[in-house]
Amino acid sequence: MKPLISVIITNYNYGQYIEKAIQSISNQTYANIELLIYDDGSNDRSVELIEKILPSVTVSKLRFIQQENQGIVKTRNKALKELTGDYYIFLDADDYFDSDFVDSLYQIAAETGVDVVYPNWHVIELDTGKDYQTDFPEFSLEGLQRQQLHLNPESLVKTAAVGNIAFQSEFIAEDWQFFLHLAFLGKTFKLAKTSYTNYQVK
């Protein structure tokens, strides 16, 4: 049995996208996934749509958590305490993964032993229909400090490497600070050059 990988979907009023995000996890070729879905006090149809699709989701473990609005930082920190996987990946509700995304990132982690595997991005402009792919460089601390490469929570992270590190204030780039903290502690990183987060923007 491959290690359990937790995928955490965080949602706030993304009802128009949430079903696609959830389905993209159900469709993963990786066989041992824990899916945690956090609805952060949505006031659109998100909860109704999530509950509608849940019976068709095929993963090893599934939890749907409804909570009053706490914001993305507190929700991610809560998930870090509640997930049970050996690795984890966050997925914003308005994004989605290709079916081999989790498997491809895990293969790199298994082969290299790194703590974080980060993908390139497939950016989809919803208003114009245009799209493009990033080509981030291989990891270096200098590159991260200068924001020449962009790590986001939609990276595969070894849970044991995180320890007590948490996301900080929403008033700064909390993703960047989180990974910078890991890097300063000597954690290791690897680019998944041909894997892409499908990042939808308006």
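Two strands count as paired if DSSP finds at least two bridges between them. Helices (H or I, at least four residues) and strands (E, at least two) are DSSP runs, numbered from the N terminus. The model here is predicted, so local features need pLDDT of at least 70 and side-chain atom pairs count only at pLDDT 80 or more, while totals for chains, interfaces and linings use all residues. Residues are numbered from 1 along each chain as its sequence is written, and side-chain values use heavy atoms, with hydrogens and water left out.

Start with strand β4 (residues 87-92). β4 runs antiparallel to strand β8 (residues 156-158), with 2 bridges between them, and Tyr88 has Val157 of β8 as its bridge partner. With β1, β4 pairs in the parallel sense over 6 bridges; here Ile9 sits opposite Leu91 of β4.

Asn11 belongs to strand β1 (residues 5-11). Asn11 counts as buried because its relative accessibility is 2%. Leaving aside residues up to four places away in sequence, Asn11 touches (heavy atoms within 4.5 Å) Ile18, Tyr38, Asp39, Asp40, Ser42, Ser46, Ile50 and Ala93. A polar atom of the Asn11 side chain also lies 3.3 Å from the backbone nitrogen of Tyr14.

Then there is helix α4 (residues 101-112). Buried residues in α4 include Phe101, Leu105 and Ile108. Gly113 follows α4, with a positive phi near 75°.

Terms used
Buried < 20%, exposed > 50% of the residue type's maximum accessible area, 1.4 Å probe, protein only. Polar contact = N/O pair within 3.5 Å; in protein donor to acceptor, adjacent residues only side chain to side chain.
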